[in-house]
Each structure stands twice: as C-alpha cells, then as structure tokens.
Amino acid sequence: MSTHYDCIVVGSGHAGCSAALAAVEAGCTSVLIVEKAPRDWVGGNGYFTAGAHRTVHGGLQDLLPIVRNVTPEQASKIDVDPYTVEDFIGDIKRLGQDKPDTKLVKSMVESSREAVEWLAQKIDIPFILSFHRQAYEVHGRQKFWGGMALSTEDGGKGLIKAHMKALEKSGVEIWFESPAVRLRVEKGTITGLVVQIDGKELNLSASSVVLAAGGYESSSELRAKHLGSEWEKAHVRGTPYNTGDGFAMAQAVGAKLIGDWAGCHSTCWDANALADAGDRELSNQFTKSGYPLGIMVNIYGQRFVDEGQDFRNFTYAKFGRQILLQPEGCAFQVWGADMVPFLRKEEYGDEIVEKICARNMEELADKLLEKGLKDKECFLKTVHDFNAAVQSHRAEHPTLRWDPTVKDGLSTQSTTEALQLPKSNWALPINQGPFLAVKVACGITFTFGGLAIDPDTAGVLSKETDAPIKGLFCTGEMVGGLFYDNYPGGSGLTAGAVFGRKAGGQAAKLAGKSVK
C-alpha cells in the first residue's frame, strides 16, 4: 500500500471524480480518492441526481455533437434556444437575490461549456437531451424550456458508472471505508492527509488535497444547528455519509467559511420515502416535480406557494423548504385528469408513488382525510375558489393558451376575482375527474454554505490572510458563496466539474508534473 501520492481527493462523487481525472490529465501520475462510504455507496450525491448539467450553449446545433439520443430526423423537430453567459449568470444572481459571489459565479459560468465538452469527450459521460424532464411537445415539436437541456443516460447512475470506468482506465485508486480524519500541514502548507482504515490511522503524504466531501445535509444535528430545528424532520435525498466532516477538517487548518449556511437545496419529495438516506434503486424518482401542473395544499387544505411562479427548475430547489414549514412538514399535490398525462412517469408511475385517486373532488377529500388531511371543507373551498379565479381570468383573457414551455400568463388574478396567493402561470381549473393527489414532504439535497475558494484555481482561502492555503483545494457541495436561498436546476453538477477541473490542474502543477 502506497502512502505517497501526487494528489489525494476526499470524496467519490461527481466533483471528486472530476478533480481526480483532471489531475491525471494534467500530469499527475499517482492519484488517490478516499471515500468514507462503503463501495455500495460510491458516487456521493451525484448518484442520486437526474444527471442534469446546466451550461452556456449556442442552441441545438451546439449541443448535438455531445449528445447520444438525437437522430438527424429528430433534430429537425426540436427547439432549444441559446443560453448565454449573461443568461446563466443572471439566473444564479436572480434566484440568489444578488447575493452569490460575482467572481465565483462568472468563473463557473464561463467555464461551463468547456467543462461539459470535457466530460463528454474525455470522460465519456453519456449526455442526452433531456426530453423527459425539460421539454414538452408543442405543435408537433419538442420545445425545451428553462435554459437547460442536458442530462445523462440513466441519470446519476449512468453518470457515476461512466466516472468509475474512466477512473479505472486512468489508474486512479479508490479506497472505500477510509474516512479522512485530518489534514497534515507544515508551515502553512498542506502536506497530506490522515485517514482511518480498519480503526487505525494512516498517514498519507501528497503535494495537494482536494476536498470534495459534500455538505452537511445528512447530519440531523448540523441541519438543526445551521438551518433550524424543523430540519431534523427533512428527508435525506441522497447519501447518508455527507455529514460535514470536510468542513471540520478545513477549519482545523484555518480555512475560511463563507456563503449561505442557513440555506440549502430542498425539493418536493415522496412522503413515504425513507427519511435518513436515498434509495439506490429508485434514486431521483422520489422527486415530485409536477406541481406547476396543479396545486399544492397543506394538511389544512390551504395553498402555500405560487405553483406557477417560474419554471420548475427555478423553483423546485426552494419549495421543499416551504413544505417543511407547513404543519407536520407535509403537503398534497393535486391534479385534474387533463394534467395527469403530463406528469413524468419516472416520478408518478403506478409502481413509484402511492396514488390517491377519486372520481370527484368530494371523494378525493374523503380519501385525503385518511392520509392526513385535517380540514375537508377548507380543502374543497380552496379548490372551488381556485377554479373560480382561473375561470374569471380566462374570461378576461380569452386569447391566452396554456403552454408549459413558456410563462403563459394563465393565472388566478383578474379584475373581478383574485386570490390572496396567486398562481401566476399555467393555471387551469381542476374540474375534470378522475382526480389525482400524492402526499409529499421535504427532501434535502445539499447545503449551500461552504469554503471560500479562489475562483480561478479552486484553492481554499485562509481565514486569516484571505490567500489560498497552499496545497488545499475544494469542489462540489463544499464550495461556498455560489448559491443562496435557491438555485437554477443543473448548476450543481456543472460547478462540481468546473472547479474539479481547476483543482486537478493545480494539483499537477504543485506535484511538478504539469503537462501543457
């Protein structure tokens, strides 16, 4: 067993794998990934994603060379609008209420297209156009919406499978059940890492260490400390091993913490899913993202969010929090028969989720009482008032047409009738049976607070000097300052690859093995 490496990466998720592979490509000849989870839990949270990557691009023709699921005939019936640097930066800043670090965001966004190309060509990540998540058929054409078009074959499973194959081909070692204990430091420079194997500590030396160990979302104690006591009840969407260890190690060597430590990515999640960890088989299928097609009500039958505020991939990462803040931390999503065909089968299939079905709304209310609804009359009034408001708006705007690929303006707000809490887009009356409801809870994905890094090198900054700590780098969920309050879907995986590549390149330089 070797104890010296050019570069050691902590964490086997998408970000950590990207850093390790970039280090090899840049010239490192000995790279090690240490992972505290067992082999069966390889891949961190990346495994539990849909594989979505948000990137700058010039439209369909720019993306076709890197995707595997589009024939020339299909391409002629697809619409993908370009997504510019300004669009991407604007979305991150807008959703983060202008709090995200401008230089960090700019560095990530401007490197996004190159990083995706690298993943596709060098790592052989199986990118596809995400028809099943990001497009609807409109007038015989597949229309993509929300600025994002890329995902991977078999989602996060396919993403991590491709990484594992690339790591093996590149000669990168992975040690499982080998938690990092502390960083080794001499005269302010990182010189290696101490890991625990079979209960014993082992000293490893390296000219650089890349921290890619995830956030603290799997620790109920740290969730309660940073996010609030109610977050102890949140469901963990992914790995149960992201418990904030990397932050403690970094702080011990003087690293600077930064960002939204009270914020996180949290989604509408199946209320019947396991609470403390994701399911390796069903994975991201517990997500319940169909709320823009209907309404969400709490156990007292009251709506609590504007389901049509924005495209789903701009609201899903914050609506989990809103569910958690409701009584008993759960809610019901409700649709009429006309919208059910538009629900994703991966999330709402018969074998995936417990469906609550009824021929009429009265019957649905009775069935919801058995599932936790507390106020039947309020629920029925909510649906009645919603339908009335929708009809009033349509009467005033008879030319508007429902279109899920744009903000169509179909709302509940008219001059004659307006709800206190609007549905701003895609508002259709829920009056066609049979009706469908599912029960949802809050699923936490990752936390936003993290380490301060140099935007150009991914070097971890010192709390005392604000300068990079030599030999210490960071990528993935551990990077702070990039997202606040909310985030545009698909940005996390892209950021992990971008800063992983930067860290890997710097690791080769420190090892004196950088190749041009």
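Phe311 is buried, and so is Trp426; buried means under 20% relative accessible area, exposed over 50% and partly exposed in between, with a 1.4 Å probe and protein chains only. This is a predicted model, in which local features need pLDDT of at least 70 and side-chain atom pairs count only at pLDDT 80 or more, while totals for chains, interfaces and linings use all residues. Residues are numbered from 1 along each chain as its sequence is written, and side-chain values use heavy atoms, with hydrogens and water left out.

**Aromatic rings**

A pair of aromatic rings is described by the distance of the centres and the angle of the planes. Here, rings of Phe, Tyr and Trp (its six-membered ring) pair if their centres lie within 6.5 Å; planes under 30 degrees apart count as stacked, over 60 as edge-to-face and the rest as tilted. Searching the whole structure turns up 21 aromatic pairs. In one of them, Tyr47 and Phe48 are edge-to-face, because their ring centres are 5.3 Å apart and their planes stand at 70°. Tyr47 is buried at 14% relative accessible area, and Phe48 is buried too, at 4%.

Phe311 and Trp426 make a tilted pair, with 5.7 Å from centre to centre and 40° between the planes. Phe311 lies in the loop between β17 (295-297) and α10 (312-324), and Trp426 in the loop between α13 (376-396) and β20 (435-447), so the pair ties together parts that are 115 residues apart in sequence. Helices (H or I, at least four residues) and strands (E, at least two) are DSSP runs, numbered from the N terminus. Both residues also belong to one aromatic cluster, together with Tyr136, Trp145, Phe342 and Trp402.

A charge sits over a ring if NZ of Lys or CZ of Arg is within 6 Å of the ring centre and within 35 degrees of the ring normal.

| Charged residue | Ring | Distance from ring centre |
|---|---|---|
| Arg280 | Tyr47 | 3.6 Å |
| Arg312 | Tyr316 | 5.4 Å |

**An open sheet**

Now to the strands. The order β1-β12-β11-β10 describes an open sheet of 4 strands with mixed pairing; two strands pair if DSSP finds at least two bridges between them. At the edges are β1 (4-5) and β10 (180-186), each pairing on one side only. β1 runs parallel to β12 (residues 200-206), with 2 bridges, and His4 has Ser205 of β12 as its bridge partner.

**Helices and their neighbours**

Helix α1 (residues 14-26) reaches 18 Å from its first C-alpha to its last, close to the 18 Å expected for its 13 residues; the expected span is 1.5 Å times one less than the number of residues. Of those 13 residues, 11 are buried, including Cys17 and Leu21. The buried residues pack against several elements, among them β2 (7-10), α5 (102-121) and α14 (491-510), where contact means heavy atoms within 4.5 Å. Gly27 follows α1 and has a positive phi, near 130°.

How far apart are the end C-alpha atoms of α13? They are 31 Å apart, which agrees with the 30 Å that its 21 residues should span. Its buried residues, including Phe379 and Phe386, pack against β17, β18 (331-335) and α12 (361-370).

In helix α4 (residues 85-95), the buried residues are Phe88, Asp91, Ile92, Lys93 and Leu95. These pack against α5, α10 and α14. Just after α4, Gln97 has a positive phi of about 55°.
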